[in-house]
Amino acid sequence: MRLTNVLFKKVKSKRIMVVLESVVSGHQFNAFRERLADKLEVIRFDPYIQKESLYRERKRIRSA
């Protein structure tokens with residue numbers, strides 16, 4: 001094993017991809033957020049009900 005393998009750690013990305021889901025209809029979309037930030041909650045247009053609704057972070061998909 002070389003010395004360089006021991007000294008370098010794997011770098012984690014600063015952003016992650018998460019799924020946001022509508023509280024009203026269940027419509028989902030993907031978004032990015034900072035790894036250390038709080039969970040996302042946004043108000044956005046929901047195409048299922050044709051109105052704005054609250055979207056909450058449901059789960060983390062992957063690092064980005």
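## Burial of Glu57

A residue is called buried when its relative accessible area is under 20%, exposed when that area is over 50%, and partly exposed in between. In this predicted model, Glu57 has a relative accessible area of 12% and is therefore buried. Glu57 belongs to strand β4.

Setting aside neighbours within four places in sequence, Glu57 is in contact with Val18, Val19, Leu20, Arg33, Lys39 and Leu40. One of these residues, Arg33, is also a polar partner: the side chains of Glu57 and Arg33 make a polar contact at 2.9 Å.

## Strand pairing around β4

Strand β4 covers residues 51-63. Strand β1, residues 15-22, runs antiparallel to β4 and is joined to it by seven bridges. Within this pairing, Glu21 stands opposite Arg56 of β4.

Strand β3 also pairs with β4 in the antiparallel sense, here over six bridges. Phe45 stands opposite Glu52 of β4. The two strands β3 and β4 form a hairpin with four residues between them, and Gln50 in the turn has a positive phi of about 60°.

## Salt bridges

How many salt bridges does a search of the whole structure find? The search finds three. The side chains of Arg33 and Glu57 meet in a salt bridge, with an N to O distance of 2.9 Å. This pair links distant parts of the chain, since Arg33 is in strand β2 (residues 28-34) and Glu57 in strand β4, 24 residues apart. Both Arg33 and Glu57 are buried.

Another salt bridge joins Glu21 to Arg58, whose closest N and O atoms are 3.8 Å apart. Glu21 lies in strand β1 and Arg58 in strand β4, so the pair ties together parts that are 37 residues apart in sequence. Glu21, at 26% relative accessibility, counts as partly exposed. Arg58 is partly exposed too, with a relative accessible area of 43%.

A further salt bridge is formed by the side chains of Arg56 and Glu41, at 3.0 Å from N to O. Here Arg56 is in strand β4 and Glu41 in strand β3, and the pair links distant parts of the chain, 15 residues apart. Arg56 has 42% relative accessibility and so counts as partly exposed.

The side chain of Ser53 makes a polar contact with the side chain of Ser22, at 3.1 Å.

Not counting residues up to four places away in sequence, Ser53 touches Ser22, Val24, Val42, Ile43, Arg44 and Asp46. Val24, listed here among the contacts of Ser53, is also part of the surface patch described next.

## Nonpolar surface patch

Val23, Val24, Tyr48 and Ile49 make a nonpolar surface patch of about 400 Å². Ile49 is placed in the loop between β3 (41-46) and β4 (51-63).

The accessibility of Ile49 is 31% in relative terms, so this residue counts as partly exposed. A patch residue needs over 30% relative accessible area and no salt bridge.

Definitions and conventions
Residues numbered from 1 in each chain as written. Predicted model: local features only at pLDDT ≥ 70, side-chain atom pairs only at ≥ 80, totals over all residues. Heavy atoms only, no water. Patch = residues over 30% accessible without salt bridge, like charges linked within 9 Å, V, L, I, M, F, W, Y side chains within 5 Å. Areas by Shrake-Rupley, 256 points an atom, 1.4 Å probe, with all protein chains shown as cover. Salt bridge = Lys/Arg side-chain N within 4 Å of Asp/Glu carboxyl O. Buried < 20%, exposed > 50% of the residue type's maximum accessible area, 1.4 Å probe, protein only. Pairing = 2+ DSSP bridges. Polar contact = N/O pair within 3.5 Å; in protein donor to acceptor, adjacent residues only side chain to side chain. Contact = heavy atoms within 4.5 Å.
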